[in-house]
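Below are my notes, in the order in which I looked things up.

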Amino acid sequence: MREVNVGIIGLGNVGSGTLAILTENAASIAQKLGFELRVKALCSRSIASKDLPDAAASALHTADWQDVVRHPEVDIVAELVGGTVVAREIIDAAIQNRKSVVTANKELMASCGAEIWERAISAGINLAMEASVAGGIPIHSVLREGISGDRVMALFGILNGTSNYILTEIERRGAPFDEVLREAQQLGYAEADPSADVDGYDARSKLAILSALAFGEKITPSDIYTEGIRRIQPIDFQYAQQLNHTIRLLCAAHQTPGGLILSVRPALIPQSTILAGVRGAYNAVWVRGKYGEDTFYYGRGAGSLPTGVAVVSDLMRVAREIRCGSPERVSPFAHERLGEYKPIAVTRQHAGYYLRFRVDDRPGIIAKLARVLADKQISLDAVVQLPAGNPRDLPFIITVEPTSGESIREALTEMSNYDFMVEPPLAMPMEKSL
Ligand SMILES: NC(=O)c1ccc[n+]([C@@H]2O[C@H](COP(=O)([O-])OP(=O)(O)OC[C@H]3O[C@@H](n4cnc5c(N)ncnc54)[C@H](OP(=O)(O)O)[C@@H]3O)[C@@H](O)[C@H]2O)c1
């Protein structure tokens with residue numbers, strides 16, 4: 001049977017891992033497929049200075065991606081460049097040339113996935129994006145095939161390895177955020193501009209893609225309430241521990257009778273939950289189905305080879321589909337908002353909250369804060385203060401019974417006005433459903 005030919009554009013972390021697997025593991029891949037998956041073209045702007053595997057020597061080497069998308073023998077284009085501008089041009093041109101596409105690009109697929117998918121379907125080609133979320137965890141296959149017979153009620157994830165590494169290092173060593181971030185940058189775990197990771201935007205793109213797949217709803221990143229981890233301090237882990245909880249940057253999608261509530265934010269989760277054991281750069285996804293109940297997926301969220309496995313597996317799936325003449329016919333992104341899963345504001349979610357204060361100590365502070373909570377009909381659960389040295393910057397926490405995000409927001413705005421606050425109070429939901 002004739003081989004299927006691949007063109008790879010982008011030979012950075014993911015592209016080089018993909019190429020290494022395609023060349024080293026070629027015999028096993030051919031055995032599983034029943035035909036060869038051959039690297040026909042390779043592209044990166046600095047390709048001339050790259051040390052490429054001998055097995056790829058006969059492939060076209062080019063610095064111009066147009067050579068790959070127009071190559072008459074390339075069947076599948078792997079877009080592994082990243083960003084949203086050139087990557088979009090590459091995918092559009094590949095579709096126009098009736099090449100199937102495999103991409104690892106979460107940013108692009110989160111913002112324009114539905115539109116790109118429609119074009120792919122109209123052109124009768126295949127599009128696959130397993131590597132775009134949670135690197136080495138095959139969560140797309142799970143949602144689109146493995147548990148597609150179920151009805152997803154909720155989905156939780158730890159989807160950003162950098163944030164998870166920083167949080168778990170703060171937890172383990174009690175080191176401050178800035179110090180751990182600097183170390184993560186030196187170790188190559190965090191970018192020089194860490195915003196996409198620590199401010200939650202990377203995780204938000206991934207949650208947008210997963211929620212679209214899980215709920216069949218059209219989700220855009222702006223539907224998702226997003227808060228990063230910059231304000232988390234070692235003291236928060238100490239208080240969380242007092243409450244038998246820990247802190248993670250939690251991606252959550254809850255179906256409620258009013259609609260879908262989507263958020264990416266630091267949350268307290270019970271120490272006993274399996275998600276609390278997800279440490280370092282690992283990722284995890286927890287899906288709750290109406291019929292199949294809970295399933296859990298864990299693995300490396302990034303990295304050259306784990307992500308390369310996801311790309312190669314997509315290439316194999318698309319190659320099989322090309323062989324069978326079976327393009328996708330239905331987009332995994334919804335065509336329109338159906339209502340049942342329509343995203344609604346996170347402020348409508350009811351949860352218990354952890355409120356952390358840093359105050360310039362004086363008599364009557366707790367009474368004033370308790371009065372604000374009472375005015376908003378919020379029931380106080382506990383007040384905890386660990387021994388601390390500096391009365392000019394004294395931390396303590398209040399936990400409250402489940403209440404709406406809206407009430408908490410109003411209470412925090414009022415509390416922030418008190419002149420004894422060293423900084424605005426920090427609020428984190430306490431996720432009980434895990
Ligand atoms: N890193 C991970 O672990 C990971 C995990 C999951 C998903 N992803 C996603 O995978 C994609 C790639 O990420 P990465 O980490 O591999 O990025 P990267 O290391 O920066 O690699 C990007 C590659 O694209 C090439 N490139 C950039 N512009 C180009 C152009 N105009 N024409 C041709 N080549 C061009 C770059 O090389 P030249 O400068 O030589 O052109 C480089 O080889 C992104 O969408 C990312 O979000 C990454």
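Predicted model: local features only at pLDDT ≥ 70, side-chain atom pairs only at ≥ 80, totals over all residues.

Residues are numbered from 1 along each chain as its sequence is written, and side-chain values use heavy atoms, with hydrogens and water left out.

**Entry: two positive phi angles**

I started with backbone angles. Most residues other than glycine have a negative phi. Asn-244 is not a glycine, yet its phi is positive, at about 60 degrees. I found Asn-244 in the loop between α11 (234-242) and β9 (245-256). Is Asn-244 buried or exposed? My cut-offs are under 20% relative accessible area for buried, over 50% for exposed, and partly exposed in between (1.4 Å probe, protein chains only). Asn-244 counts as exposed because its relative accessible area is 52%.

Ala-134 sits in the loop between β6 (127-128) and α6 (139-146). Its relative accessible area is 1%, so Ala-134 is buried.

**Entry: the ligand**

Next I went to the ligand. How many residues surround the ligand? I get 21, and the closest are Val-14, Ser-44, Arg-45, Ser-46 and Gly-303. For this, a residue is near a molecule if one of its heavy atoms lies within 4 Å of it.

I sorted that shell by type and got 10 nonpolar, 9 polar and 2 charged residues. In this sorting Ala, Val, Leu, Ile, Met, Phe, Trp, Tyr, Cys and Pro are nonpolar, Asp, Glu, Lys and Arg are charged, and the others, Gly among them, are polar.

Then I looked for polar contacts, meaning pairs of N or O atoms within 3.5 Å; within protein, one must be able to donate a hydrogen and the other to accept it, and residues adjacent in sequence count only if both atoms are side-chain atoms. For Ser-46, a side-chain N or O atom is 2.5 Å from a ligand oxygen. For Arg-45, a polar backbone atom is 2.7 Å from an oxygen of the ligand. Gly-303 also uses its backbone, with an N or O atom 2.8 Å from a ligand oxygen. The ligand taken alone exposes 890 Å², and the protein buries 77% of that. Those areas come from the Shrake-Rupley method with a 1.4 Å probe; for residues, only the protein chains shown count as cover.

**Entry: helix α5**

I checked α5 (residues 106-123) end to end. Its 18 residues put the end C-alpha atoms only 22 Å apart, short of the 26 Å that a straight helix would reach at 1.5 Å a residue. The expected span is 1.5 Å times one less than the number of residues. Where does α5 bend? I found a bend of about 85 degrees at Cys-112, taken as the angle between axes fitted to the seven residues ending there and the seven starting there. Cys-112 is one of the buried residues of α5, which also include Met-109, Gly-113 and Trp-117.

**Entry: single residues**

Asn-160 lies in the loop between β7 (152-158) and α7 (161-173). Asn-160 counts as buried because its relative accessibility is 4%. Its side chain reaches the backbone nitrogen of Ser-163 at 2.8 Å.

Val-4 is in strand β1 (residues 4-9) and, at 0% relative accessibility, counts as buried. Along the chain Val-4 and Arg-323 are 319 residues apart, but their C-alpha atoms are separated by 8.1 Å.

Val-311 is in helix α12 (residues 304-324) and is buried too, at 0% relative accessibility. From Val-311 to Asn-417 I count 106 residues along the chain and 51 Å between C-alpha atoms.

Last, I looked up Ala-57, in the loop between β2 (37-43) and β3 (60-62). Its relative accessible area is 57%, so Ala-57 is exposed.

Definitions and conventions: Helix = DSSP H or I, 4+ residues; strand = E, 2+ residues; numbered from the N terminus.
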